[in-house]
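Please prepare a report on selected local features of the structure below, with the criteria behind each term stated once.

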Amino acid sequence: YAQQKAAASGSSFYYAFLFLPPPQRAAITAFYAFCREVDDVVDEVHDLNVAQTKLAWWRQEVAQAFAGQASHPALQALMPHAPVYGIEARHLLAVIDGCQMDLDQNRYLDFANLQQYCHLVAGVVGEVAARIFGQTDPATTDYAHRLGLAFQLTNIVRDVGEDAARGRIYLPVNELQRFDVKAHELIKRGAAPGTDKADFERRFLALMQFQCERALALYDEALARLPEADRRAQKPGLMMASIYRTLLREITADPLLVLTQRVSLTPLRKLWLAWKVQALGIL
């Protein structure tokens with residue numbers, strides 16, 4: 001079940017999992033399946049009360065799972081690996097807390113507010129992944145948190161148009177104000193009828209250039225924080241970094257695309273980027 005859930009997502013992460021030894025691949029696939037299940041509550045359940053109830057159910061399920069009574073297949077797959085890789089209930093509950101934020105708010109006032117959300121839905125995920133990959137140095141957790149933030153900011157940049165169409169704007173309000181981009185312009189995916197299209201594009205491009213440059217800098221910052229002792233073990237994370245950073249660079253070349261389409265890399269290109277890191281150590 002976990003394998004099918006991970007593969008069906010089409011995520012870049014899945015390509016990094018392919019290079020892991022079977023026990024680690026089973027653990028990260030089960031953890032990823034759990035994350036997908038919880039995230040799907042926000043993305044696919046349109047009734048707020050139903051979504052709240054489902055997240056409450058997942059909190060109970062996590063408690064039961066760590067008491068030895070997991071009922072959901074994703075957690076049944078994950079629990080045998082939890083003691084091996086130091087996965088704790090707090091990690092899974094943090095992911096649920098992040099999804100709860102998605103239900104509670106659809107705007108973020110400033111970057112500090114957004115960082116809190118990113119830490120729950122991506123930083124903690126990076127922390128668990130680093131443990132599964134074979135972390136030996138405590139400092140690797142800091143690297144994992146920074147890399148998770150870079151991944152999530154890349155997702156936010158890529159999904160600006162899609163998210164806005166659903167009424168969600170993750171770009172901080174004070175940064176929209178700084179670049180004079182209006183929420184209704186993002187929701188309509190462009191300049192309002194009768195307004196200056198070129199002016200909107202100029203403002204939007206300035207906003208996106210700022211977002212992309214910050215995210216690209218975070219990749220460099222994260223990679224600089226990876227202890228040399230863990231570099232080999234953390235190769236799957238470096239594969240993901242190569243794929244996501246390449247995607248971000250493509251968006252940086254033409255940010256207007258995110259308003260009208262989902263920018264993505266082909267499966268073959270993702271596999272090639274992952275292989276280059278695995279075989280040649282090239283990011």
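## Aromatic pairs

Trp57 is partly exposed, with a relative accessible area of 36%, whereas Trp58, at 4%, counts as buried; here buried means under 20% relative accessible area, exposed over 50%, and partly exposed in between, with a 1.4 Å probe and protein chains only. The model is a predicted one, in which local features need pLDDT of at least 70 and side-chain atom pairs count only at pLDDT 80 or more, while totals for chains, interfaces and linings use all residues. Residues are numbered from 1 along each chain as its sequence is written, and side-chain values use heavy atoms, with hydrogens and water left out.

The structure holds 11 aromatic pairs, a pair being two rings of Phe, Tyr or Trp (its six-membered ring) whose centres lie within 6.5 Å, with planes under 30 degrees apart counted as stacked, over 60 as edge-to-face and the rest as tilted. Among them is the edge-to-face pair of Trp57 and Trp58, at 5.0 Å centre to centre and 85° between the planes. The rings of Phe179 and Phe210 have planes at 45° and centres 5.5 Å apart, so this pair is tilted. Because Phe179 lies in the loop between helix 11 (173–178) and helix 12 (183–187) and Phe210 in helix 13, the pair ties together parts that are 31 residues apart in sequence. Phe179 is buried at 17% relative accessible area, and Phe210 is partly exposed at 22%. Phe34, Trp57 and Trp58 form one aromatic cluster.

Helix 13 covers residues 197–224, and its 28 residues reach 41 Å from the first C-alpha to the last, close to the 40 Å expected at 1.5 Å a residue; the expected span is 1.5 Å times one less than the number of residues. Helices (H or I, at least four residues) are DSSP runs, numbered from the N terminus. At the start of helix 13, a side-chain oxygen of Asp196 comes within 3.0 Å of the backbone nitrogen of Ala198.

Phe133 belongs to helix 8 (residues 111–133) and is buried, at 5% relative accessibility. Phe133 and Pro21 are 9.6 Å apart in space, C-alpha to C-alpha, although 112 residues separate them in sequence.

## Surface patch

A nonpolar patch on the surface is formed by Trp272, Trp275, Leu280 and Ile282, which together have about 420 Å² of accessible area, computed by the Shrake-Rupley method with a 1.4 Å probe, where for residues only the protein chains shown count as cover. Patches are made of residues with over 30% relative accessible area and no salt bridge, nonpolar side chains (Val, Leu, Ile, Met, Phe, Trp, Tyr) being joined within 5 Å and like charges within 9 Å; a salt bridge is a side-chain nitrogen of Lys or Arg within 4 Å of a carboxyl oxygen of Asp or Glu. Ile282 is found in the segment after helix 15 (267–280) and is partly exposed, at 39% relative accessible area.

Note on methods: Helices (H or I, at least four residues) and strands (E, at least two) are DSSP runs, numbered from the N terminus. A polar contact is a pair of N or O atoms within 3.5 Å; within protein, one must be able to donate a hydrogen and the other to accept it, and residues adjacent in sequence count only if both atoms are side-chain atoms.
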